[in-house]
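Hello,

Here is the structure we talked about. Please open it next to this message and read the notes below with it on screen.

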Amino acid sequence: MDFLLPLILKRTGFAFLTLFTISLLIFVGLEALPGDTAQAILGQGATEENLAALRKEMKLDLPVHTRYVSWLKDISHGDLGNSLSNGRPVSEMIGWRFQNTLLLAFSAAMVSIPLAIILGLVCALYQNSWLDRILSTSTLSAISFPEFFVAYILILVFVVQFEMFPSVALLKPGMGMMEIVNVLVLPCLTLTLVVLAHMMRMTRATIIGVLSSPYIEMAQLKGVRKHKIILYHALPNALGPIINVVVMDLAWLVVGVVVVEVVFVYPGLGQLLVDSVSKRDIPVVQTSGLIFACTYIFLNLTADVLSIISNPRLRHPK
Amino acid sequence: MCVMEDNKSGLTRRQFMAGTIAAGVAASIPGQGLFKNAWGSTPKRGGAMKLGLAGGSTTDSLDPATFSEVFDQMSTMGLYRNPFLELNRSGELEPELVTEWSPEPGAKVWNFKLRKGVEFHNGKTMDADDAIFSINHHRGDDNKSQIASVVKPIKEIIKTGKFEFKIILEEPSADFPYILSSTRMPCVPNGTTNFEDGMGTGGYILKEWEPGVRAYGERNPNYFKEDRAYFDSVEIITMIDDTARTTAIKTGQVDIINRPDRKTARLLGRMKGIQIIDTPGGLTYTFPMRMDQKPYDNVDFRRAVKYSVDRESLVKTILQGYGVPGNDIPVPSYVKYAANAIPQRMYDPDKVKFHLKKSGYQDETVRLHVADMVYNGAVDTAQLWKEHATKAGLKMEVVKEANDGYWAKVWRVKPFCASFWFARPTVDWILSMTYVTGASSNESAWEVPHFDKLVKEARAELNEDKRRAIYFELQRILHDDGSVVIPMIANIVDAASDKIGFNPVAGNVELDGFRACERWWFKS
């Protein structure tokens with residue numbers, strides 16, 4: 001396994017290069033959009049004079065490259081800077097929101113990953129049975145609807161009809177564990193429904209693929225029972241593709257849930273990013289963008305490492 | 001103009017009229033929740049109120065110079081801070097932090113007396129230094145404030161006593177004190193540099209605030225108004241999604257929301273325990289035609305465009321009945337000196353053809369630039385208008401613009417586009433902001449020397465009748481020759497649980513003039 005460490009180091013090195021490129025792209029992208037923060041804040045009330053004054057205060061009157069270099073200098077010292085629109089430190093704005101985003105992603109993952117894999121295995125085990133068909137149809141239907149629609153349906157059933165859970169998933173300081181769980185149920189369930197089919201179908205397909213291999217036939221001839229074949233012989237060999245799908249879904253849970261955040265009034269990173277882009281608040285967008293990029297890079301690396309570990313041929317290269 | 005005293009009891013003629021108008025609106029809409037709430041139920045103290053608010057973002061700031069959304073401005077209106085004067089529901093000024101105001105002869109110099117014994121939340125007594133600092137925050141060259149141009153007429157502010165100050169203007173202005181009721185000019189302590197703590201004199205003390213998420217305040221036990229700020233605590237939760245707000249009020253997770261979806265508001269109002277609060281308002285949708293660009297410099301062409309829209313049908317489909325047709329006059333009917341006697345302009349294909357022919361631009365295609373961010377339904381409005389215009393023989397094309405940067409790249413740039421205004425409290429303010437030469441928000445490039453002269457004349461005129469006559473003439477000019485089409489003026493629509501009590505509601509801006517937290521109460 002010694003070859004893993006150099007791999008990780010090499011990939012981390014590349015990661016920094018990627019992050020640098022991404023930060024440059026975000027900066028150029030925001031500059032290319034029409035309008036700037038001063039204009040976004042003053043809106044209809046903008047005049048030549050107050051625009052100029054606000055730009056000067058925000059240092060937006062400096063040339064683009066000067067601003068980028070000074071931002072780069074600050075961030076290399078670990079200083080994320082202050083938001084242009086309300087002057088708050090970016091780290092303070094992002095810190096707790098990122099925690100919230102992670103909390104939601106983590107809870108959705110804790111529910112959806114085991115569920116998807118178990119259901120995938122069940123479907124593979126009872127291939128083409130009515131159970132398989134019902135599970136496939138229902139999860140595929142859930143993934144076909146847009147997230148906000150799934151969320152509205154859940155709200156209609158669990159909030160309006162049965163009044164079991166709140167539709168406003170607002171996390172406040174000083175909430176107890178049970179309160180947090182209560183608030184998280186619906187957003188978590190929405191996300192689970194949205195990602196479930198993807199992982200489940202992949203598990204099912206890979207397992208079925210492996211089941212047609214000669215060594216499975218051998219096991220069957222040996223008289224091994226079907227569920228044991230799937231668990232001990234098929235699953236380990238199907239892990240690679242499953243891990244990849246799981247990790248991609250995890251990444252989506254972290255970076256792609258802004259719609260669910262808005263519907264449930266959940267204070268996460270997504271809403272912050274959307275607001276900041278519309279206000280051209282470059283420091284905030286940069287940091288959020290880099291956090292999202294890091295998430296992808298880190299999870300991709302994790303997927304690769306796990307795939308290698310799960311594959312004996314890669315684990316022991318000749 | 002003279003010293004004003006608190007006048008809390010007694011119904012003025014205007015209040016009575018406004019009440020009757022509201023009653024007329026409600027009566028014409030069956031199933032409306034307006035009268036589930038008996039007006040005048042005795043206010044009661046107590047309760048934790050929660051408000052679901054559309055119009056808030058993570059970039060909100062409590063610096064009065066850069067207020068951008070509803071939340072920021074609400075904080076001024078008796079929530080954490082106070083403006084100097086209160087605008088009551090009939091559009092008249094009432095004492096708030098300033099108790100007395102009077103002009104010296106000629107209305108070029110105004111004297112103000114502050115209320116004594118008002119304390120900021122940190123215990124400091126509010127005095128003239130704080131007031132002058134708060135006004136000066138928006139003044140001076142290189143000022144970043146949104147209302148820098150509004151306070152430009154101020155030449156000098158002089159402290160004349162611990163609780164008195166004097167404002168000297170560049171030119172006489174009879175309506176000047178209205179500026180001190182601005183939602184963007186709260187009184188903050190002298191020397192404030194960090195505005196984000198919400199320090200002020202308001203009815204609630206800001207305890208927790210996260211922009212775009214929530215704000216929580218507890219009642220200020222030292223509030224200078226005995227009969228206001230009834231709730232024990234107020235929590236404002238930003239809810240951008242229409243459905244999220246609607247569900248939250250339906251299930252009792254919040255007590256008040258603003259901007260319920262007009263399409264479903266009637267159904268919401270029919271639900272048990274929910275009242276829709278529908279108030280004739282000042283939300284004016286405007287479509288400026290730039291007079292400095294052809295063919296809009298031609299008055300007949302402008303008239304043709306004005307006659308080409310079916311206003312009634314827009315009110316019915318876009319506003320779902322929550323509004324009135326506009327008359328190309330930017331002054332809503334409740335504002336003092338509104339020229340309500342000018343006959344309503346109707347959709348008239350014959351007149352369109354007549355004026356088109358007279359203008360000589362028969363083959364001209366009108367390009368209407370719109371984006372949905374201007375208001376919910378702006379693009380639909382344009383599409384409907386296109387139908388009306390085509391039927392009347394005016395060629396029209398709808399150009400859908402990007403939401404991003406609309407105010408910078410389309411508004412005041414493209415010759416014909418969509419815009420909106422919350423009507424300012426006086427005719428003078430409305431006209432001098434958007435219809436005089438050189439005004440920063442002159443969206444239609446309406447630069448008419450005769451008009452400018454009349455606006456100035458009316459501003460300095462202290463005789464009521466003469467002023468009324470000049471303002472009538474000004475509004476007539478805008479109606480006949482003006483360069484802005486105003487097809488509709490929307491009502492203000494809010495929704496509340498029927499546990500919430502209130503007096504007749506102000507319609508200038510949403511949530512009772514942004515003052516729901518201060519003016520409303522729990523009935524039991």
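The notes below take the model as a whole, then each chain, then the contact between the chains, then a few single residues.

**Ground rules**

This is a predicted model, in which local features need pLDDT of at least 70, side-chain atom pairs count only at pLDDT 80 or more, and totals for chains, interfaces and linings use all residues. Residues are numbered from 1 along each chain as its sequence is written, while chains are lettered from A and ligands numbered from 1 in the order in which they are written.

**Confidence**

The model has an ipTM of 0.81 and a pTM of 0.83. For chain B the mean pLDDT is 86, and 92% of the residues reach 70 or more. Two residues are in contact if their C-beta atoms, placed from the backbone, lie within 7 Å.

**Chain A**

Chain A has 14 helices and zero strands. Helices are DSSP runs of H or I with at least four residues, strands are runs of E with at least two, and both are numbered from the N terminus. The C-alpha trace spans about 85 × 60 × 35 Å along its principal axes. Of the 318 residues of chain A, 37% count as buried. Buried means 20 or more other C-beta atoms within 10 Å of the residue's own, exposed means 12 or fewer, and partly exposed is in between, with C-beta atoms placed from the backbone. Among contacts in chain A with a separation of 6 or more, 73% join residues 24 or more positions apart.

Two helix pairs are worth a look.

- H5(A) (residues 90–125) and H8(A) (residues 177–211): the axes come within 6 Å and cross at roughly 35°. The crossing is right-handed. The contact has 22 nonpolar residues, five polar and one charged.
- H9(A) (residues 214–222) and H10(A) (residues 226–255): the axes are 11 Å apart, at an angle of about 145°. This crossing is right-handed. H9(A) brings Tyr215(A), Ile216(A), Ala219(A) and Gln220(A); H10(A) brings Ile229(A), His233(A) and Ala234(A). By class, that contact has five nonpolar, two polar and no charged residues.

Some terms for that list. Axes are lines fitted to C-alpha atoms, for helices over the stretch in contact, and angles run from 0 to 180 degrees between N-to-C directions. A crossing is right-handed if the near helix is turned clockwise from the far one by less than a right angle, and left-handed if anticlockwise. Nonpolar covers Ala, Val, Leu, Ile, Met, Phe, Trp, Tyr, Cys and Pro; charged covers Asp, Glu, Lys and Arg; the others, Gly among them, are polar.

**Chain B**

Chain B has 15 helices and 19 strands. Its radius of gyration is 23 Å, close to the 24 Å that the globule rule gives for 524 residues, so chain B is as compact as a globular protein of that length. (The radius is taken over C-alpha atoms, and the rule is 2.2 Å times the number of residues to the power 0.38.) The C-alpha trace spans about 70 × 55 × 45 Å along its principal axes. Of the residues of chain B, 54% count as buried.

**Where the chains meet**

The contact takes 37 residues from chain B and 39 from chain A. On the chain B side, H4(B) (242–250) and H10(B) (406–409) each supply at least two residues. H4(B) gives the largest share, five residues. The side of chain B that touches chain A has ten nonpolar, 18 polar and nine charged residues.

Most residues other than glycine have a negative phi, and most peptide bonds are trans. Here are some exceptions.

- Lys294(B) and Pro295(B) are joined by a cis peptide bond, with omega about -5°. Pro295(B) lies in the loop between strand E12 (274–288) and helix H6 (299–307).
- Gln320(B) has a positive phi of about 55°. It is partly exposed, with 18 C-beta neighbours inside 10 Å.
- Phe514(B), in helix H14 (residues 510–514), has a positive phi near 65°. Phe514(B) counts as buried, with 26 C-beta neighbours inside 10 Å.

Best wishes

How values were computed
pLDDT is the predictor's confidence in each residue, from 0 to 100.
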